[in-house]
Amino acid sequence: MSDSVPLDSVDLEILRVLQNDARTTNRELAAAVGVAPSTCLDRVARLRRSGVILGHRLQLDPAKLGRGLQALLMVQVRPHRRELIGPFVDRVRALPESRALFHLTGPDDYLVHVAVADPADLQRLVLDEFTSRKEVARVETRLIFQQWDCGPLLPAH
């Protein structure tokens, strides 16, 4: 079953413009895609309601906020049961150090992207928030040396 939403060429152009600059005003967006501002506003509202547009985010530099060390934590949860997964996911998502959480297939159940101040802070996080949990069987840590953002989801024409 597909979760895709039918989109026409105007919808796709709206998304192309917004993914490159989410702060584009409705007037600028309408001019860029060739529709009236009211039409553009209605279309963007529909794209939000249908879940195509998930939101707008402010991107912060973790290093400038004192969290210059980033890592990936591969976490194995045992037993891997629904009643343990919900609370685990809720707790990890609530941690201020957590940047992203992925549920995986394979030997590791979760991949957690974290940003911390330094190696001691990373050790504290792993010991106090992960390995101290009874459902966490194993945590492997990989430091991130460098990160690149990738291209837009919708390619340019």
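Author: Happy to. Let's begin with His113, which counts as buried because its relative accessibility is 13%; buried means under 20% relative accessible area, exposed over 50% and partly exposed in between, with a 1.4 Å probe and protein chains only. This is a predicted model, where local features need pLDDT of at least 70 and side-chain atom pairs count only at pLDDT 80 or more, while totals for chains, interfaces and linings use all residues. Residues are numbered from 1 along each chain as its sequence is written, and side-chain values use heavy atoms, with hydrogens and water left out.

Reader: Good to know. Where does His113 lie, and what does His113 touch?

Author: His113 lies in strand 3. Helices (H or I, at least four residues) and strands (E, at least two) are DSSP runs, numbered from the N terminus. Not counting residues up to four places away in sequence, His113 touches Gln70, Ala71, Leu72, Glu97, Ser98, Arg99, Ala100, Ile144 and Gln147. Contact here means heavy atoms within 4.5 Å.

Reader: Glu97 is on that list. Is Glu97 buried or exposed?

Author: Glu97 counts as buried, because its relative accessibility is 10%. Its place is in the loop between helix 4 and strand 2 (98–103). Beyond its neighbours within four places in sequence, Glu97 is in contact with Arg67, His113, Val114, Ala115, Val116, Arg124 and Leu125.

Reader: And strand 2 itself? What does Leu101 touch there?

Author: Leu101 lies in strand 2 and touches Val89, Val92, Arg93, Tyr110, Leu111 and Val112, again leaving out residues up to four places away in sequence. At 25% relative accessibility, Leu101 counts as partly exposed.

Reader: Let's zoom out. How many helices and strands are there in the chain?

Author: The protein chain has five helices and four strands. From the N terminus on, the order is α-α-α-β-α-β-β-α-β. The radius of gyration is 20 Å, well over the 15 Å that the globule rule gives for 157 residues, so the chain is more spread out than a compact globule. That radius is taken over C-alpha atoms, and the rule is 2.2 Å times the number of residues to the power 0.38.

Reader: What box do the C-alpha atoms fill?

Author: Roughly 55 × 40 × 25 Å, taken along the principal axes. Of the 157 residues, 32% count as buried.

Reader: Which residues touch the most other members of the largest nonpolar core?

Author: Leu73, Val75, Phe88, Leu122 and Phe130 do, in a core of 19 residues. Such a core is a set of buried Ala, Val, Leu, Ile, Met, Phe, Trp, Tyr and Cys residues joined through side-chain atoms within 4.5 Å. At least two residues of this core come from each of strand 1 (69–77), helix 4 (82–94), strand 3 (110–116), helix 5 (119–131) and strand 4 (136–144). Strand 1 gives the largest share, five residues. There is also a second, separate core of twelve residues, which includes Val10, Leu15, Leu29 and Ile53.

Reader: Val10 and Leu15 make me curious about helix 1. What covers its buried residues?

Author: The cover includes helix 2 (26–33) and helix 3 (37–49). The buried residues of helix 1 are Val10, Asp11, Glu13, Ile14, Leu15, Arg16, Val17 and Leu18.

Reader: Which residue caps the N-terminal end of helix 1?

Author: Asp8 does, with a side-chain oxygen 3.1 Å from the backbone nitrogen of Val10.

Reader: Nice. What does the side chain of Asp118 reach?

Author: The side chain of Asp118 reaches the backbone nitrogen of Ala120 at 3.2 Å and that of Asp121 at 2.8 Å. Both are polar contacts: a pair of N or O atoms within 3.5 Å, where within protein one must be able to donate a hydrogen and the other to accept it, and residues adjacent in sequence count only if both atoms are side-chain atoms. Asp118 has its place in the loop between strand 3 and helix 5, and at 34% relative accessibility it counts as partly exposed.

Reader: Last one: which residues does a cis peptide bond join?

Author: Arg78 and Pro79, with omega at about -5 degrees. Pro79 lies in the loop between strand 1 and helix 4.
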